Amino acid sequence: MTAPTAVLREMRWWDIEPVLELEHELFPDDAWSAGMFWSELAHARGPQATRHYVVAEEPDTGRIVGYAGLAAAGDLGDVQTIAAAKDQWGTGLGARLLTDLLRAATAFECAEVLLEVRVDNTRAQRLYERFGFEPIGFRRGYYQPGNVDALVMRLTDPAQTRNENPESSESNG
Ligand SMILES: CC(C)(COP(=O)(O)OP(=O)(O)OC[C@H]1O[C@@H](n2cnc3c(N)ncnc32)[C@H](O)[C@@H]1OP(=O)(O)O)[C@@H](O)C(=O)NCCC(=O)NCCS
């Protein structure tokens, strides 16, 4: 039987614990701490908000199966994090999360969106390329302690990005 489609909703402080579990599984070398998520969520609400964080939740079980976050500074957006539980890979959840971030970038009136991705993370790079991100450079030794380089990718005009998924009614504020 196929698992029901996860629902995207705003990430709240009570999601930090399950998100951290996924974080440690998916980023074993450089997982974010709880404090980092708390600090991000502190800027995610109200008229001065500069962050947009979303989780993907399975409706029947309440299990958190993905999360993503965007930071906006002026007209520049930055994908802070994006991840889907391994058993969700290849289902389009990554694309749904990214679509949600780009919608938020449009709401923040970002003219472009940047991100860093490990040079060896071809799966994530494929996802970004599908959405029109282009490589613009490298950050040497960006990921520590492994000393892995980051590829920097940029998407210009996120408002023009075609939505891969027909769920435009799904809104997270
Ligand atoms: C990065 C990450 C979110 C991408 O997830 P993903 O499973 O590759 O992405 P999607 O869920 O959009 O699935 C895309 C694949 O599923 C296929 N697919 C199947 N059904 C689909 C659907 N309904 N919509 C879109 N794609 C679908 C696509 O064709 C694509 O196949 P391909 O990988 O052979 O090209 C995920 O790999 C992850 O969490 N990785 C660990 C954390 C990480 O590295 N994050 C990025 C840090 S920069």
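Author: Glu109 lies in the loop between α3 and β5; helices (H or I, at least four residues) and strands (E, at least two) are DSSP runs, numbered from the N terminus. Residues are numbered from 1 along each chain as its sequence is written. The model is predicted: local features need pLDDT of at least 70 and side-chain atom pairs count only at pLDDT 80 or more, whereas totals for chains, interfaces and linings use all residues.

Although Glu109 is not a glycine, its phi is positive, near 60°. Glu109 is exposed because it has 12 other C-beta atoms within 10 Å; a residue is buried with 20 or more such atoms, exposed with 12 or fewer and partly exposed in between, with C-beta atoms placed from the backbone. Asp157, another residue that is not a glycine, has a positive phi of about 55°. Asp157 is found in the segment after β7 and is partly exposed, since 13 other C-beta atoms lie within 10 Å.

The peptide bond from Gln144 to Pro145 is cis, with omega near 10°.

Beyond its neighbours within four places in sequence, Leu97 is in contact (C-beta atoms within 7 Å) with Val54, Ala56, Gly66, Ala68, Ile82 and Ala84.

Finally, consider α1 beside α2. The axes of α1 (residues 16–26) and α2 (residues 34–41) come within 10 Å and cross at roughly 130°. The helices are therefore oblique to each other: angles under 35 degrees count as roughly parallel, over 145 as roughly antiparallel, 65 to 115 as roughly perpendicular and the rest as oblique. Axes are lines fitted to C-alpha atoms, for helices over the stretch in contact, and angles run from 0 to 180 degrees between N-to-C directions. Ile16, Val19 and Leu20 of α1 make the contact with Ala34, Phe37 and Trp38 of α2. These residues divide into six nonpolar, no polar and no charged; Ala, Val, Leu, Ile, Met, Phe, Trp, Tyr, Cys and Pro count as nonpolar, Asp, Glu, Lys and Arg as charged, and the others, Gly among them, as polar.

Conventions. Contact = placed C-beta atoms within 7 Å.
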